[in-house]
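Please read them alongside the coordinates.

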Amino acid sequence: MPVSISLRPMQQTDLPLFREWLFLPHVAAWYHEPEDWINEIEQQDGEFAFVRHFIAQSEGKAFGFGQYYPYWLSGESWHGDTPLAGTYSIDYMIGDTAYRCKGYGKQIILELLEQIRTEPDARRVIVQPEQENHASCGVLQSCGFHFDSQNQIYLFTIRAS
């Protein structure tokens, strides 16, 4: 049976829980520089207002995090030759260990994709998890992403260019 989740906008009051998650071993392995992540949330109404941050919850209990952003506004440069216009990216995590390996990560990604579909300029979503993060790579593929070996990224097409 598919799990049921919702994404709600992240608030400053979520910061202590988010901070706690960032230092858990299963998160810290992939979320390097936790202070940078914390700063981003602290500045979500300022410098990082272009990022949409969410808390994932199930039956009212917060268990994870997700965000999406227009990639071209990020200043990042790992997209290879993927067109910038219409390109979004996502990040996601399961913070609460009781929710790991039960399909909740997939649901976070699918919910983020639904949010991005509402953006009128959205054409594609790109993600670049570390190759050693087999769980993340696998869940991306189960959500319809394919691996673009030329650019070394996972790519999901929202609508054709």
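Is Ser136 buried or exposed?

1. The model is a predicted one. In it, Ser136 has a relative accessible area of 8%. The cut-off for a buried residue is under 20%, so Ser136 counts as buried.

2. Ser136 belongs to helix H5. Its side chain forms a polar contact with the side chain of Tyr92, at 2.5 Å. If neighbours within four places in sequence are set aside, the residues in contact with Ser136 are Tyr92 and Pro129.

3. The sheet is open and has 7 strands, ordered E1-E2-E3-E4-E5-E7-E6, with mixed pairing. Strand E1 (6-9) and strand E6 (146-148) are its edges, each pairing on one side only. On average, neighbouring strands are turned by 35 degrees against each other, with direction ignored.

4. Within this sheet, strand E3 (residues 61-70) pairs with strand E4 (residues 87-94) over 7 bridges, in the antiparallel sense. Gln67 has Asp91 in E4 as its bridge partner. In general, the strands of a sheet pair through backbone hydrogen bonds, whether parallel or antiparallel.

5. Helix H1 (residues 15-22) lies across strand E2 (52-58), E3 and E4, and runs at about 90 degrees to E3. Helix H5 (residues 134-142) packs on the sheet and touches E4, strand E5 (124-127) and strand E7 (153-157). The direction of H5 makes about 20 degrees with that of E7.

Key
Residues are numbered from 1 along each chain as its sequence is written. This is a predicted model: local features need pLDDT of at least 70, side-chain atom pairs count only at pLDDT 80 or more; totals for chains, interfaces and linings use all residues. Side-chain values use heavy atoms; hydrogens and water are left out. Two strands pair if DSSP finds at least two bridges between them. Helices (H or I, at least four residues) and strands (E, at least two) are DSSP runs, numbered from the N terminus. Axes are lines fitted to C-alpha atoms, for helices over the stretch in contact, and angles run from 0 to 180 degrees between N-to-C directions. Contact means heavy atoms within 4.5 Å. Buried means under 20% relative accessible area, exposed over 50%, partly exposed in between (1.4 Å probe, protein chains only). A polar contact is a pair of N or O atoms within 3.5 Å; within protein, one must be able to donate a hydrogen and the other to accept it, and residues adjacent in sequence count only if both atoms are side-chain atoms.
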